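Hi,

Here is the structure I promised to pass on to you. Have a look at it first, and my notes on rings and pockets follow below.

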Amino acid sequence: MKKISLLLMLFCCSMMFSQTKVTDTLKVYKKRVLETTEVDFLMSYYTQDGNNASVTGGVGNERLTDITPTFVVAIPLNADDVLTIDAGISAYTSASSSNLDPFDASGASGNGYDDGDESGNTSGVKGSPWVASSGASAGDVWGGINASYSHSSDDRNSIWSGNVNFAVEYDYVSVGFGGSYTKLFNQKNTEVGVKAQVYLDTWNPKYPTELDSYNEANQNLNNGFFANIDILNQDGNIIDKNSATVWSPFNTTFIQDRARNTYSLYLSFSQIINKNAQFSLFVDVVQQQGWLANPMQRVYFADRDNYYVGNAANISNYNSPENTDVFHLVDDIERLPDTRFKLPFGARFNYYFNENISLRTYYRYYFDTWGINSQTANIELPIKLGFGKFTLYPNYRFYNQTAADYFGTYETHVSTSEFYTSDFDLSKFNSHQYGLGIKYTDVFAKFKIFNIGLKSFDIRYSYYKRSTGLNANIISTSFKFVVD
């Protein structure tokens, strides 16, 4: 009997030990969130043209090209944690921003001398909002890096993440940080998420060259940049700089508060309805504070006299591309409220018809305290081709918006207003975007170069057309690699 009891005890202990070992084994060998390091290389080429350049007060050449290479590296730290580094640059040339200094090398940002240096020979100076300048602002490079860390719970139903980012361009520096939490319920058929983000930007402001030069010369047209330049009135006659009727900016006050801060809270809800359908809802609450206007952008008033530099014969053609050699001296820079509240909210609905065709839709409604209301609708129809690894996806996007309360076209604002802008991004317009893309996917990354496998390749072309006359072409590609 004692032997039987001893055997039973040993059996029970072995069962308990066995169960413990199984549990421990499951913990050790649970599925990893990310199996191997993944590297994404993305590249886009963007080109646009239009006739409403904001730097020159809503009239002029908007031609721009931009190339944006980006690397995204996702590194599994262990079974639960992933570190992602996203770094890229954006290199652009712009006819519009080049006319921050429309007077080519003779302006405040060119010729190697300061605005107040009287040694520069500025006779014969000319400029035009329709001709790209060779000034320092004709092109620039934006650079940014973002690092994010995410942790998933053992059951993969909870995900925490945090991020920090840094970006710099020639006229501002941005530092950001944030975090998010995602929870899955109902056997992962239901998902809710919350994300908070903060951006703390600091202006390194650049101003229209004539305004900058005027202040540098202590508001004396006989000094500095303007010393050897003829200024014309509306009739094309040369003014007497010592008379009572001369050009001067309406407002010579520059940026007082160089901060531009953005705080956002994003909420989302997603539900799988059945094996074919899924929908999601989202809302994004955004508050901005600080200097929210762009100091590069000129504004012209209807109730002030006009003054020009250049060829008097083309003053009557100022709003036409035929004007290649006369420029309207600024009245003021764009000025806008120092707070802005934005509230976009919308929904997505995706439907899986069969293994070859699915549907993706998106709708968003937006309003803000500057008076803009907008709607966005997007539809995409991914189609798997006969090879199985290739997907073709035509897509279409429609957008419309009302004008901001402070928007006015060239020479329609009045100087008694507190706020004003001629930036057509804040005007009333609608736009259409047509796109076509193709994607190659190899889940197992069988195609390898050394120990690097190609997991997917994507190329897309889009054509964008706005009712204001702006049109653009966008080509984008992405390569996803896995590193064994």
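Please keep in mind that this is a predicted model. Let me begin with the aromatic side chains.

Tyr365 is partly exposed, with a relative accessible area of 24%. Phe345 also counts as partly exposed, at 35% relative accessibility. The two rings form a tilted aromatic pair, with 5.7 Å from centre to centre and 55 degrees between the planes. This pair links distant parts of the chain, with Phe345 in strand E15 (residues 339-352) and Tyr365 in strand E16 (residues 358-368), 20 residues apart.

In total, the structure holds 27 aromatic pairs. Another one to look at is Tyr318 with Tyr410: the ring centres are 5.8 Å apart and the planes lie at 20 degrees, under the 30 degrees cut-off, so this pair is stacked. Here, too, distant parts of the chain are linked, 92 residues apart. Tyr318 belongs to the loop between strand E12 (307-310) and strand E13 (326-328), while Tyr410 belongs to the loop between strand E19 (390-401) and strand E20 (429-441). Tyr318 is buried, at a relative accessible area of 3%, and Tyr410 counts as buried at 13%.

Ring pairs also build a cluster out of Phe103, Tyr214, Phe225, Phe226, Trp247 and Phe327.

If you like charges over rings, there are two for you to check. Arg260 lies over the face of Trp203, 4.7 Å from the ring centre. Arg466 has its charged end over the ring of Phe429, at 4.1 Å from the centre.

Now to the pockets. The largest pocket has a volume of about 1600 Å³ and is lined by 46 residues. Which residues lie nearest its centre? They are Ser54, Asn294, Gln297, Asp423 and Asp425. By class, the lining of the largest pocket divides into 23 nonpolar, 11 polar and 12 charged residues. Strand E7 (residues 190-203) gives the largest share of this lining, three residues.

The second largest pocket holds about 430 Å³ of space. Its lining has 28 residues, and Ser358, Arg360, Pro382, Lys384 and Thr391 are the closest to the centre. That lining comprises nine nonpolar, 10 polar and nine charged residues. Several strands supply at least two lining residues each, including E15 and E16, E19 and E20, and strand E22 (452-466).

Best wishes

Definitions and conventions. Residues are numbered from 1 along each chain as its sequence is written. This is a predicted model: local features need pLDDT of at least 70, side-chain atom pairs count only at pLDDT 80 or more; totals for chains, interfaces and linings use all residues. Side-chain values use heavy atoms; hydrogens and water are left out. Rings of Phe, Tyr and Trp (its six-membered ring) pair if their centres lie within 6.5 Å; planes under 30 degrees apart count as stacked, over 60 as edge-to-face and the rest as tilted. Helices (H or I, at least four residues) and strands (E, at least two) are DSSP runs, numbered from the N terminus. Buried means under 20% relative accessible area, exposed over 50%, partly exposed in between (1.4 Å probe, protein chains only). A charge sits over a ring if NZ of Lys or CZ of Arg is within 6 Å of the ring centre and within 35 degrees of the ring normal. On a 1 Å grid over the protein atoms alone, a cavity is a set of points where a 1.4 Å probe fits but cannot get out, and a pocket is an open set with protein on both sides within 12 Å along at least five of seven lines; lining residues have an atom within 4 Å of a point. Grid points are joined across faces, edges and corners, and a volume is the space filled by probe spheres set on the points. Ala, Val, Leu, Ile, Met, Phe, Trp, Tyr, Cys and Pro count as nonpolar, Asp, Glu, Lys and Arg as charged, and the others, Gly among them, as polar.
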